[in-house]
Amino acid sequence: MFVDRAKIFIKSGKGGNGCVSFRREPFVPEGGPDGGDGGKGGDVIFQADRNLRTLMDFRYKRKYEAENGQDGMKKKRYGKNGENLVIKVPMGTVVIDEESGLVMKDLIEDGDSFVAAKGGKGGKGNVHFKNSVRQAPNFAEAGGFAKERTVILEMKMIADVGLVGFPNVGKSSLLATATSAQPKIENYHFTTINPNLGVVKIYDSSFVMADIAGIIEGAHEGLGLGFKFLKHIERTKVLVHVVDVSGSEGRNPIEDFDKINNELLMYSEKVAKKPMLVAANKIDMIDEDDPQFIEFKEYVEGKGYKLFPICAPINHGVHELMAAVLEELQNAPEEEDDYQYFDFESDDIDPDYKNVYAEKSGNDYIIYGKQLRKIFDSTNFNDMGSLRYLYKYMESKGAIDKLLELGLQEGDTIKVFDYEFEYWDEFDF
């Protein structure tokens, strides 16, 4: 089964906590603190792999977490860094941040990679907090937070040439004849339900050609297979519009030609402006002097397109068409993508990090904040100095004054995450 879109949850590793430890050795008076630092949490990394062809695996596993950093240890030993998690995806996969809708990375070449979620920093051990006043710090720094996000993986096939046209006009037959690809070919509508790729080898060159299936009138609005395959045209440099000039399906070739071109335009002006050649297929079923063919030929060429009469199954006219495609490819300009990219620098800066919030809920007065969470996790609740630092921090941020404005009185409960204490006017640790 071909899967070209998936949504997954990723989470980096949390940083290891710093260690609180003191030297306890014979004949070493006043050993002092010797707690080591915690290890860094593992990153979540996406990497393009040429051996993958589909996003099928992400339909069954949707949650990916990197390893947490190890806590620091005594004797100034550092905790082990968490292992990075490398998630391999097919070449041509676009990774999108769901919350912002911005593209994080377009993984085109084999081995392309990027860090989608950085691991938390390791916390410092108590050895770092010793100074002339505080000789025996009984607290250490908590590890940095893990980063969580939901990402959308969208695979866009990497092909130089895209075959477009109504179902059953001979796109698969042309691909099979011009390349070594072996798509399923039957006389049914929508025979091709997955895009097929093949390599065209001509003269001393080669290029990749794809059968872009599922395009019908209304495809730009999602009808038929709609968006599922229209997006695969975006990476191509040249389009080959295959038209059944025999009218064997009871349709008018000119109307077919205009309808498909209109769908491409409605989907994307950029796609509609790509160089296009027209393959007039099933020419064996109609004479080239037939008025219907002459009318179609004059109409197409009048719009500035080159037309090539072909019969794909018997390889009639296919070589001439592929030679013209190669010439178009060699002259095609390099295209720049028009994505709006995710700002990783801004992502590393959280403007809300230092904010502290205070609110009333029932009879409880609650204080919370992101930086407060880290200080809270670093607090040793058995050490008065550490507790005093936590309280002074909340006080300096105006949280206590805010609670007083909300009606805080002596004896009321203040809740800081899962820690509760009673407030007193002359309260001090």
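Let me begin with a term: two rings of Phe, Tyr or Trp, taking the six-membered ring for Trp, count as a pair if their centres lie within 6.5 Å. What I am showing is a predicted model, and on that definition the structure holds 14 aromatic pairs.

One of these joins Phe-381 and Tyr-419, whose ring centres are 4.4 Å apart and whose planes meet at 35 degrees, so the pair is tilted. Phe-381 is in the loop between helix H9 (370-378) and helix H10 (384-396), while Tyr-419 belongs to strand E18 (residues 419-422), so this pair ties together parts that are 38 residues apart in sequence. Phe-381, at 30% relative accessibility, counts as partly exposed, and Tyr-419 is likewise partly exposed, with a relative accessible area of 23%.

A second pair to look at is Tyr-391 with Phe-421, which is edge-to-face, with 6.3 Å from centre to centre and 75 degrees between the planes. Here Tyr-391 comes from helix H10 and Phe-421 from strand E18, so parts 30 residues apart in sequence are tied together. Are Tyr-391 and Phe-421 buried or exposed? Both of them are buried.

Both pairs take part in a cluster in which ring pairs link Phe-376, Phe-381, Tyr-391, Phe-417, Tyr-419 and Phe-421. Over the face of Phe-417, in turn, lies Arg-373, at 4.3 Å from the ring centre.

Let me turn to the nonpolar cores. The largest of them has 39 residues, and those with the most contacts inside it are Leu-174, Phe-207, Met-209, Val-240, Leu-321, Met-322 and Val-325. Among the elements that give two or more residues to this core are helix H2 (171-178), strand E11 (205-211), strand E12 (238-244) and helix H7 (318-331), and the largest share, 8 residues, comes from H7. If we set aside residues up to four places away in sequence, Leu-321 touches Leu-174, Val-240, Leu-277, Ala-279, Phe-308 and Ile-310. Apart from this core lies another, of 24 residues, which includes Ile-10, Leu-107, Met-155 and Phe-342.

Leaving aside neighbours within four places in sequence, Ser-21 is in contact with Gly-32, Pro-33, Asp-34, Gly-35, Lys-74 and Asn-126.

How values were computed: Residues numbered from 1 in each chain as written. Predicted model: local features only at pLDDT ≥ 70, side-chain atom pairs only at ≥ 80, totals over all residues. Heavy atoms only, no water. Core = buried A, V, L, I, M, F, W, Y, C linked by side-chain atoms within 4.5 Å. Buried < 20%, exposed > 50% of the residue type's maximum accessible area, 1.4 Å probe, protein only. Helix = DSSP H or I, 4+ residues; strand = E, 2+ residues; numbered from the N terminus. Contact = heavy atoms within 4.5 Å. Phe/Tyr/Trp six-rings, centres within 6.5 Å; stacked < 30°, edge-to-face > 60°. Lys NZ or Arg CZ within 6 Å of the ring centre and 35° of its normal.
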